[in-house]
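Student: Could we go through this structure together? I would like to begin with the aromatic rings.
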Amino acid sequence: MSGVTESGVVESDLVGGGSSGRGFGWLWAAYAVSAFGTRLAFDAFPLIAVLVLDAGPARVAALAAAGLAVGAVVAVPLGPWVEFRRKWPVMVAMDLVRCAVLLSVPLAYAFGRLGFAQLLVVSVVVAAADITFRAAAGSCLKALVRPPDLLRANGRLESTTWTAALLGPPVGGAAVGLFGPVVTVAADAVSYLLSALGIRAIGGGEPCPRSTEAGRLRAGDLLDGWRYVLASPGLRPLFLNTVLVNGLIMATAPLLAVLMLGDLGFAPWQYSLAFAVPCVGGLVGSRLAGPLVARFGEHRVLVTSGVLRVCWPVGLAFVGPGTAGLVLVMAVEFGLITSVGVYNPVYATRRLELTPADRVARTLSAWTVSGKLTTAALTAVWGLLAGLTGTRTAVALAGAVLLTTPLLLPRRAPAPAPAPALVKPTGDA
């Protein structure tokens, strides 16, 4: 994400040059601008709910959980639907939908009509559009990038994610302080508009995939993504491990906020700093993923980084007040995020390698829906545990359960599935 140098590398050697290389460059640029917009507006809805609508903790928690869960349920039929449509128009449409619904928030605020129900509806629509966009984007990436270059492409997308995570929240916090609570939502909406323009610029010829009988979506197609994942010896352990690990890590986020901001008395800027600075580890890890795979092999790196990423969170149960506690959180998060930075591009590449091109959208949609529902459920469960056992005990329990999850990692490297391209690039690709 470093300007001219990286763009030149993408076009010249990521996918062999030509229109396909330029296509990935536009896809990467679109992802970068929307990722930064999303991180700029990090926690914007809870902030608006508290500062503008005077919502209490219960309503703020309901906003987060309901948007995540309902949006995932709404997206269930969209994955199979996307499979039988051209992917680029779907991605552009989802960007425009997110732009429109997010712009409704600052507009309603300007006219004094913003309410809690509107925030809830917007969060549901954005969550459903996110899942649909990801399903289409996975198919697009698999079609644009040659199989040997998928890891490099995923590594660059991962490094962009952590760059946005490092820079977005501090900039967003400063913008809210200067211009008010809805400015970052407006910026996020604009980022989706720019993303749509970037995806539209990919160009090239994308044939319409073969559709279902009579072009209709059958009831059985809704579960096809889950059936394929659970029946695949290579994808099933990866799916179970990743969904559970991500859910447990995210479930402790509200508890850590309560522990650090409430019980231990950290200032909000210290809390933000504790989780922003370690994002440098994500940049380091995503840059190391390719060289590590080249030296040790994809499967060994996948398993090793998968084990390492769950060894850190239990340390958060021992955080104390003052500088020592802040340093401990930063060290734990740096180790966790560095391991995740290595794991994520390798696992994303393995998932695409094992999924035929005509099943990518359904598979990724089922995967993402499962992840969001699992995160919502585990967040609710761990909130109850914290009420029964105490915040620190609940964080420790999540860390202990995470230590058992490597048992779900794949034992051996499976053979890749055949993956015919959906896109027929023009030019010399």
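**Aromatic rings and a helix contact**

Tutor: Please keep in mind that this is a predicted model. Tyrosine 343 has a relative accessible area of 0%, so this residue is buried.

Student: Which aromatic pair does tyrosine 343 form with tyrosine 347, stacked or tilted?

Tutor: The count comes to four aromatic pairs. Among them, tyrosine 343 and tyrosine 347 make a stacked pair, with 5.4 Å from centre to centre and 15° between the planes.

Student: Where are tyrosine 343 and tyrosine 347 in helix α16?

Tutor: They are four residues apart in helix α16 (residues 322–353), so about one helical turn separates them.

Student: And is tyrosine 347 buried or exposed?

Tutor: Tyrosine 347 counts as buried, at 10% relative accessibility. Its ring also pairs with that of tryptophan 367: the centres are 6.1 Å apart and the planes are at 40°, so this pair is tilted. Because tyrosine 347 is in helix α16 and tryptophan 367 in helix α17 (residues 360–389), the pair ties together parts 20 residues apart in sequence.

Student: What lies over the face of tryptophan 367?

Tutor: Arginine 351 does, at 4.9 Å from the ring centre. Tryptophan 367 is itself buried, with a relative accessible area of 4%. Ring pairs join Phe239, Tyr343, Tyr347 and Trp367 in a cluster.

Student: Changing topic, at what angle do α14 and α15 pack?

Tutor: Helix α14 (residues 280–296) and helix α15 (residues 298–308) pack at about 125°, and their axes are 7 Å apart. The angle makes α14 oblique to α15.

Student: Which residues make the contact?

Tutor: Leu292, Val293 and Phe296 of α14 meet Glu298, Arg300 and Val301 of α15. By class, four are nonpolar, two are charged and none is polar.

Key
Residues numbered from 1 in each chain as written. Predicted model: local features only at pLDDT ≥ 70, side-chain atom pairs only at ≥ 80, totals over all residues. Heavy atoms only, no water. Axes fitted to C-alpha atoms, helices over the stretch in contact; angles between N-to-C directions. Helix = DSSP H or I, 4+ residues; strand = E, 2+ residues; numbered from the N terminus. Parallel < 35°, antiparallel > 145°, perpendicular 65-115°, else oblique. Contact = heavy atoms within 4.5 Å. Nonpolar A, V, L, I, M, F, W, Y, C, P; charged D, E, K, R; others polar. Phe/Tyr/Trp six-rings, centres within 6.5 Å; stacked < 30°, edge-to-face > 60°. Buried < 20%, exposed > 50% of the residue type's maximum accessible area, 1.4 Å probe, protein only. Lys NZ or Arg CZ within 6 Å of the ring centre and 35° of its normal.
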